[in-house]
Amino acid sequence: MSTDSTEYDVVVRGRRIITTAGVVAREVGIRDGRVVAMEPLGNALLGRETIELTDEQVMIPGLVDTHVHVNEPGRTEWEGFESATKAAAAGGVTTLVDMPLNSIPPTVDREALRLKREVAEPKAYIDVGFWGGAVPGNRDQLRSLHDDGVFGFKCFLLHSGVDEFPHLTADEMEEDMAELATFDSLMIVHAEDSRAIDHAPSAEGAEYARFLASRPRGAENVAIAEVIERARWTGARAHILHLSSSDALPMIASARRDGVKLTVETCPHYLTLLAEEIPNGATAFKCCPPIREASNRELLWQGLKDGVIDCIVSDHSPSTLDLKDVENGDFGVAWGGVASLQLGLSLIWTEAKRREIPLEQVVEWMSAKPAKLAGMTRKGRIALGFDADFAIFEPEAAQVVDVHRLHHKNAISPYDGKALAGVVTQTWLRGVRIDFQTPHGKLLRRGDA
């Protein structure tokens, strides 16, 4: 028995707690929103509230999702901070970083960032940070956005899908990278080459194979090569968003060996879905870059295991059903984006189990690694001094996805009806259980998380 008579706000006891030492039996003491004690199970820490985990439950760090399109203000009918942060919390996500586009105005200057924070603050059920945008003509805004706390800057190398967020040429990206390097910020890149796509077949119609041919792997490969070389020349930190082409893995690994400051993410849809199984007209599956073939998927998993791909994030990019062109099923006109914010952990765990990948590795890819990408030092782990952000997960439980029971604003997802392993039963933010009634998320600035 412990001789420690200190009372904590919350104590969690269990045989399966994911820590930096792996899955261990521990008692975790939480005070003032932080983890302040971690003792062997049986030390009987005293808490005003105590959670006794069953042998079927695992305490995991709250997930960190650094790729979420919340779309508010301006396109709140697509999603919004209330619905997005509730969905995230229901899936064990305790921190997200919002993308700078699909909202109106996009987050490309200080006033747009101020407005976005203003609308987010009363609606955030989890902690929320923000990316800035790098677009033609706003280079003089980058430093001020950085000073206002954005976590880095997103750019596109082809049309972004919305006219108010224009793309950069490779030369413009290089010039912005050089600017970011002067204050050690991060450029995150949607890497598809517009010229390669212009030369590809058109995507019109209901045939998925035609859409897939319209976004060839070569478009990604060429653009990623541009990012690598421009990062090499400028010394800037660069990050490849939503990698779908496994062809690019060797050059990414080579660039890193050369010392290029490069990180890479992929997403649940590229690791769980297969082009060969997508029905014609099923526009819920449309995303850019696209879901590719089975052989490609397995190489992405290998890239994760080899450490070439750093992390897994959602790229939650929702829209209304009308924009998905559900009635006609035309891949050429449907909005490109997959809604999966609430489902990511179960999606990845379902596939990881089949590959005998342990849960602690999945959590590393979905929590600690995205937190590191964003420069967060108190998120992503259950460890002393870290924020007490965690979820209770039952990995042996099962669920069947029903889009009408998700918190996403629009009931459309390629996972509807899919059987998944693992269920999140509770999510806690800074030592307080999220009740989906009272938002108590904080708005994060770079350096304060």
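Student: In which loop is Pro289 found?

Tutor: Pro289 is found in the loop between helix 9 (268-272) and helix 10 (294-305), where helices (H or I, at least four residues) and strands (E, at least two) are DSSP runs, numbered from the N terminus. This is a predicted model, in which local features need pLDDT of at least 70 and side-chain atom pairs count only at pLDDT 80 or more, while totals for chains, interfaces and linings use all residues. Residues are numbered from 1 along each chain as its sequence is written, and side-chain values use heavy atoms, with hydrogens and water left out.

The backbone detail to look at here is the peptide bond from Cys288 to Pro289, which is cis, with omega near 0°. Another cis peptide bond runs from Glu72 to Pro73, again with omega near 0°, and Pro73 sits in the loop between strand 6 (63-68) and helix 1. As background, most residues other than glycine have a negative phi, and most peptide bonds are trans.

Asp32, which is not a glycine, has a positive phi near 55° and lies in the loop between strand 2 (22-31) and strand 3 (34-40). With a relative accessibility of 68%, Asp32 counts as exposed, given that buried means under 20% relative accessible area, exposed over 50%, and partly exposed in between (1.4 Å probe, protein chains only). Phe436 is not a glycine either, yet its phi is positive at about 65°; this residue lies in the segment after strand 17 (432-433) and, at 24% relative accessibility, counts as partly exposed.

Helix 1, with residues 81-90, is mostly covered, 9 of its 10 residues being buried. Among the buried residues of helix 1 are Phe81, Ser83, Thr85 and Lys86, and their cover includes strand 7 (93-98), helix 2 (110-120), strand 8 (127-130) and strand 16 (419-429). Gly92 follows helix 1 and has a positive phi near 85°.

Helix 11 (residues 344-354) is mostly covered, with 9 of its 11 residues buried, including Trp349, Thr350 and Glu351. Helix 11 is followed by Glu356, whose phi is positive, near 60°. The axes of helix 11 and helix 12 (residues 359-373) come within 10 Å and cross at roughly 140°, where axes are lines fitted to C-alpha atoms, for helices over the stretch in contact, and angles run from 0 to 180 degrees between N-to-C directions. That angle makes helix 11 oblique to helix 12, since angles under 35 degrees count as roughly parallel, over 145 as roughly antiparallel, 65 to 115 as roughly perpendicular and the rest as oblique. The crossing of helix 11 and helix 12 is right-handed, a crossing being left-handed if the near helix is turned anticlockwise from the far one by less than a right angle, and right-handed if clockwise. On helix 11 the contact is made by Gly344, Leu345, Ile348, Trp349 and Ala352, and on helix 12 by Leu359, Val362 and Met366, with contact meaning heavy atoms within 4.5 Å. By class, this contact of helix 11 with helix 12 has 7 nonpolar, 1 polar and no charged residues, where Ala, Val, Leu, Ile, Met, Phe, Trp, Tyr, Cys and Pro count as nonpolar, Asp, Glu, Lys and Arg as charged, and the others, Gly among them, as polar.

Two loop residues complete the picture. Ser317, in the loop between strand 14 (311-312) and helix 11, counts as buried at 6% relative accessibility; not counting residues up to four places away in sequence, Ser317 touches His69, Asn102, Trp335, Gly336, Gly337 and Val338. Asn410 is in the loop between strand 15 (390-400) and strand 16 and, at 15% relative accessibility, counts as buried. Leaving aside neighbours within four places in sequence, Asn410 is in contact with Glu77, Trp78, Ser319, Thr320 and Leu321. The C-alpha atoms of Asn410 and Leu321 are separated by 6.8 Å, although these residues are 89 residues apart along the chain.
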